[in-house]
Amino acid sequence: TNQGFMTASRKGTYSFGDSQNRQIGIWLLVCAAMVFAMTVLGGLTRLTHSGLSIVTWEPLAGILPPLSPEAWVEEFENYKQFPEYQKINMGMSLAGFKAIFWYEFSHRLLGRAIGLVFAIPFIYFLVKRQVDQRLGLRLGALFVLGGMQGVLGWYMVSSGLVDRPDVSQYRLTAHLGLAVLIYGYMIWLAMAVLIPMARPWGEAAPLGFRAATYAIVGSVFVLILSGGLVAGLDAGFAYNTYPTMDGAWVPAGMLTDPFGNITTVQFLHRWLGPAMAILVVLVWGRGLDLGLPPRAMAAHYWVVFALAAQGAIGIGTLILVVPVPLASLHQGVALVVFTVAIVAAFLTDQARLNPTPGIKVLP
């Protein structure tokens, strides 16, 4: 039927009219694409050391940039009162300030745009009664998480406006982690409303195998968090050799302050990737043995390919001492790996194995 409310079905998958399905699913994918872009832009802001260029947080008034020469001078004078200018950028020109200002301003403006693009259709769907209580609560949770992300972003920036002209690596990693969680949840909900529930016949994939696909998603998330710590400590500018770290497989000084130590943070980040690759290949091989449907198996192939590309880009970023375009690509592809891992986990959870040899099970 093309009318009526959505009804919740097995494991969070929703079944409702095709038109409503497309509207909500496409809306969620558009929001997810915007969060993807904002996360990459946030990485560029960090790489260009632009994140402390705006020293106030004005959720409403801050939607407009300086609109006159006098306003630009006033904004620059505000910046001069804080440690980054006084300890690092002393003597910076107004043109130089504008260059870093636009990165941070664009990042904040995109965040506000995401809020509007999410909130307005969400209210519309609620008014039109196109979401049931279960999905409505999940979408409401996304809205709350988005608000928390804005607050957390300012909490991060404020850590660099006191004495040390750099943000806390812990707050930066928390800000990145929440963005990735919001993005992943949007992708999952979009699939839940766009992809039909698996046919009731046929055997589900073994529980252990399905759990392993979720473990891959969790591993990618942890790897991204470790990358946040690397970025927060500028750890990519040290030990620019591979596979050893300046000739040592296990460099000295790794046992102190594990999340505040450049050596430890880079060591963990560079070896979490290969460890995860082993899990990905094992799960991929097991999927072949089980005879997963083509669509689910294709998703696992994409996890393998995306992770291999990410590893190569990461090694290049390290050896070339963090060039901004390559480092930004590294962050973007990390989100691609996270995306295909979520898709693979979702499709595996929905899959039905071939119950009879010689009879093909549709995707």
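Just so everyone knows, we're looking at a predicted model.

Okay, let's begin with helix H6, residues 169–194. With 26 residues at 1.5 Å each, H6 should span 38 Å, and the C-alpha atoms at its ends come out 37 Å apart, so that agrees. Of those 26 residues, 19 are buried, so H6 is largely enclosed by the rest of the structure. At its N-terminal end there's a cap: a side-chain oxygen of Ser168 sits 3.2 Å from the backbone nitrogen of Tyr170.

Now, the aromatics. The count here is 26 aromatic pairs. Take Trp72 and Phe97: ring centres 6.4 Å apart, planes at 80 degrees, and since anything over 60 counts as edge-to-face, that's what this pair is. Trp72 is in H2 and Phe97 is in H4, 25 residues apart, so to speak a link between distant parts of the chain. Trp72 is buried at 8%, and Phe97 is buried at 0%.

Phe97 also pairs with Phe101, with centres 5.8 Å apart and planes at 50 degrees, so that one is tilted. Those two are four residues apart in H4, about one helical turn. Both belong to one aromatic cluster, which also includes Phe76 and Trp102.

Last bit: charges over rings. The charged end of Lys80 sits over Phe76, 4.6 Å from the ring centre. Arg171 does likewise over Tyr155, at 3.6 Å.

Technical notes:
Residues are numbered from 1 along each chain as its sequence is written. This is a predicted model: local features need pLDDT of at least 70, side-chain atom pairs count only at pLDDT 80 or more; totals for chains, interfaces and linings use all residues. Side-chain values use heavy atoms; hydrogens and water are left out. The expected span of a helix is 1.5 Å times one less than its number of residues. Buried means under 20% relative accessible area, exposed over 50%, partly exposed in between (1.4 Å probe, protein chains only). A polar contact is a pair of N or O atoms within 3.5 Å; within protein, one must be able to donate a hydrogen and the other to accept it, and residues adjacent in sequence count only if both atoms are side-chain atoms. Rings of Phe, Tyr and Trp (its six-membered ring) pair if their centres lie within 6.5 Å; planes under 30 degrees apart count as stacked, over 60 as edge-to-face and the rest as tilted. A charge sits over a ring if NZ of Lys or CZ of Arg is within 6 Å of the ring centre and within 35 degrees of the ring normal.
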